[in-house]
Amino acid sequence: MLSEDRFIALEGASLRVRSVGKGPAIVMVHGWALDLDLWRPQMDLLADRYRVIAYDRRGFGRSTGVPGIEQDVHDLERLLDWFDIPSAALVGMSQGARVALRLALKHQRRTSCLVLDGPPAEGWSETIGAQEIPLDAYRAQVRSEGIDAFHRMWLQHPFMQLHTTAPCAQLLLKEIAIRYPARDLLMDEPPQVSLLAERDLQQLNVPMLVLSGEFDSPQRRAIASRLTRLLPDAQLRTIPAAGHLAALDDPRTYAQALRDFFSSQPAMDAGRIM
């Protein structure tokens, strides 16, 4: 599938954006230290039926600007405006799930449905005190040893371990990882985000699919299960034999999970061109 990459200027940043296909809109939001190429397989697999948009979040991949979740939400609003999309399905992976969830809470009418893949802890989670990514240690390493040393260490983190043996997936992940510029790690004041409480979730009236890799961390699997229990219009689906990066571990099963969910949503009827 041919893709169209462009750079869009948005309030102090230039965001790399890719758009493929035609049909109801899907916007995909990557996790920390990743970029839009995480979604390359899904874009190819979904573009026959949907208009799929992915982008490098501010300060990640090839996008410029200062990273921050609140600014990410604003950027996502502006991207919907730029593409003239009245509503879209939002797919947020890991830290990107925070962005998608906050946009859905802010603009429920602009959110056709919501997919959260491996979401991190928020204020409603019993695991909020457990830190799975040692950001302070990574900040110290980048400052003392440089970004190449960080890249080597980050590629050893459990979240970055693929369970597929496909060489193309391993190569793509390495390419994505070494593009991460570590702007947030180098900031004197790291970006902060206000955590969502259970009462925030209770305001959400959007159909939701929660994805969880079978071999993701126990904490992330517990968060996915609790999130599904908290919301009456949420369903949980596990991607077998996949870790935290389920979209790369098993692209076809991942894409099929999205198709199955979207096909049950009237707003994602492929007869509607967005």
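This is a predicted model: local features need pLDDT of at least 70, side-chain atom pairs count only at pLDDT 80 or more; totals for chains, interfaces and linings use all residues.

Analyst: A strand here is a DSSP run of E covering at least two residues, and strands are numbered from the N terminus. By that rule Val27 lies in strand β3, which spans residues 25-29.

Buried means under 20% relative accessible area. Val27 has 2% relative accessibility, so it counts as buried. What packs against Val27? With neighbours up to four places away in sequence set aside, its contacts are Ile53, Tyr55, Leu76, Leu80, Ala88, Ala89, Leu90 and Val91. Ala54 is 27 residues from Val27 in sequence, yet their C-alpha atoms are 5.8 Å apart.

The next step out is the sheet. Eight strands make up an open, mixed sheet, and its order is β1-β2-β4-β3-β5-β6-β7-β8. From one strand to the next the twist averages 20 degrees. In general, strands of a sheet pair through backbone hydrogen bonds, in either a parallel or an antiparallel sense. In a regular strand, side chains alternate between the two faces of the sheet.

Two of the pairings can be followed in detail. Strand β5 (residues 88-93) runs parallel to strand β6 (residues 111-117), and six bridges join them. Within this pairing, Gly92 stands opposite Leu116 of β6. Helix α9 (residues 218-230) packs on the sheet, where it touches β6, β7 (208-213) and β8. The direction of α9 makes about 160 degrees with that of β7.

The other pairing joins β1 to strand β2 (residues 14-20), antiparallel and with six bridges. Ile8 has Leu15 in β2 as its bridge partner. The two strands form a hairpin with four residues between them, and Glu11 is found in that loop between β1 and β2. Most residues other than glycine have a negative phi. Glu11 has a positive phi, near 45 degrees. With a relative accessible area of 51%, Glu11 is exposed.

Ala241 also has a positive phi without being a glycine, here about 55 degrees. Ala241 is in the loop between β8 and α10 (246-249). At a relative accessible area of 43%, Ala241 is partly exposed. Leaving out residues up to four places away in sequence, Gln265 touches Cys113 and Pro207.

Now the helices. Helix α4 (residues 135-145) packs with helix α5 (residues 147-154) at an angle of about 140 degrees, and their axes are 7 Å apart. Angles over 145 degrees would count as roughly antiparallel; α4 and α5 are therefore oblique to each other. On the α4 side the contact is made by Tyr138, Gln141, Val142 and Glu145, and on the α5 side by Ile147, Ala149, Phe150, Met153 and Trp154. By class, this contact has seven nonpolar residues, one polar and one charged. An α-helix has 3.6 residues a turn, so residues three or four places apart point the same way. The buried residues in α5 are Ala149, Phe150, His151 and Trp154. Their cover includes α4, α6 (167-179) and α7 (183-186).

Rings are the last item. A pair of aromatic rings is described by the distance of the centres and the angle of the planes. The structure holds 13 aromatic pairs. Among them is the edge-to-face pair of Tyr138 and Phe150, with 5.0 Å between centres and 75 degrees between planes. This pair links distant parts of the chain, as Tyr138 is in helix α4 and Phe150 in helix α5, 12 residues apart. Tyr138 is buried, its relative accessible area being 3%. Phe150 is buried too, at 0%. Which residues do the ring pairs link into a cluster? They are Trp32, Phe60, Tyr138, Phe150, Trp154 and Tyr180.

Key. Residues are numbered from 1 along each chain as its sequence is written. Side-chain values use heavy atoms; hydrogens and water are left out. Two strands pair if DSSP finds at least two bridges between them. Axes are lines fitted to C-alpha atoms, for helices over the stretch in contact, and angles run from 0 to 180 degrees between N-to-C directions. Contact means heavy atoms within 4.5 Å. Angles under 35 degrees count as roughly parallel, over 145 as roughly antiparallel, 65 to 115 as roughly perpendicular and the rest as oblique. Ala, Val, Leu, Ile, Met, Phe, Trp, Tyr, Cys and Pro count as nonpolar, Asp, Glu, Lys and Arg as charged, and the others, Gly among them, as polar. Buried means under 20% relative accessible area, exposed over 50%, partly exposed in between (1.4 Å probe, protein chains only). Rings of Phe, Tyr and Trp (its six-membered ring) pair if their centres lie within 6.5 Å; planes under 30 degrees apart count as stacked, over 60 as edge-to-face and the rest as tilted.
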